[in-house]
Amino acid sequence: QVNLVESGGGLVQAGGSLTLSCAVSGNIFSFVSMDWYRQAPGNQRELVAGIPNYGSTTYADSVKGRFTISRDSGKNTIYLHMNGLKPEDTAVYYCNAYQLRPNRRDDYWGQGTQVTVSS
């Protein structure tokens, strides 16, 4: 059983900052990658940032230069540092971790944390 628990969401004014945390049960390096997604009302869930075990971090164009993803392997936790927040960043943010099996991909999701940016 893999559990991901997000925290750190809240209400912030435009231009402000928030840091989201995602604690995962088990070894963080047992996953191919850990990522942050977000979903705004009426929109599809979109990938915001990813931190793979091997390779470089990735970011959606809309958050490049403002958001930073990082991890603390000792705590089996990843973070999303969000600066320069905009009203369009308002969404529920989800942590994702996945493993690859011979014939499938196993995805694990957190419960989500709400981020609301007021103008």
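Two strands pair if DSSP finds at least two bridges between them. Strands are DSSP runs of E with at least two residues, numbered from the N terminus. The model is predicted: local features need pLDDT of at least 70, side-chain atom pairs count only at pLDDT 80 or more, and totals for chains, interfaces and linings use all residues. Residues are numbered from 1 along each chain as its sequence is written, and side-chain values use heavy atoms, with hydrogens and water left out.

**Exercise 1.** Determine how E9 and E10 are joined.

Step 1. Locate the strands: E9 covers residues 91-100, and E10 covers residues 105-109.
Step 2. Count the bridges. There are 5, and the two strands run antiparallel.
Step 3. Check one partner: Asn96 is bridged to Trp109 in E10.
Step 4. Find the connection. A hairpin of 4 residues leads from E9 to E10.

**Exercise 2.** Work out the strand order of the open sheet of 4 strands.

Step 1. Write down the order: E1-E3-E8-E7, with antiparallel pairing.
Step 2. Strand E1 (4-7) and strand E7 (67-72) each pair on one side only.

**Exercise 3.** Examine E7, E8 and the loop between them.

Step 1. Take the pairing: 6 bridges join E7 to E8 (residues 77-82), and the strands run antiparallel.
Step 2. Pick a facing pair. Asp72 stands opposite Thr77 in E8.
Step 3. Inspect the loop, where Asn76 lies. Asn76 is not a glycine, yet has a positive phi of about 50°. Most residues other than glycine have a negative phi.

Conventions:
Buried < 20%, exposed > 50% of the residue type's maximum accessible area, 1.4 Å probe, protein only.
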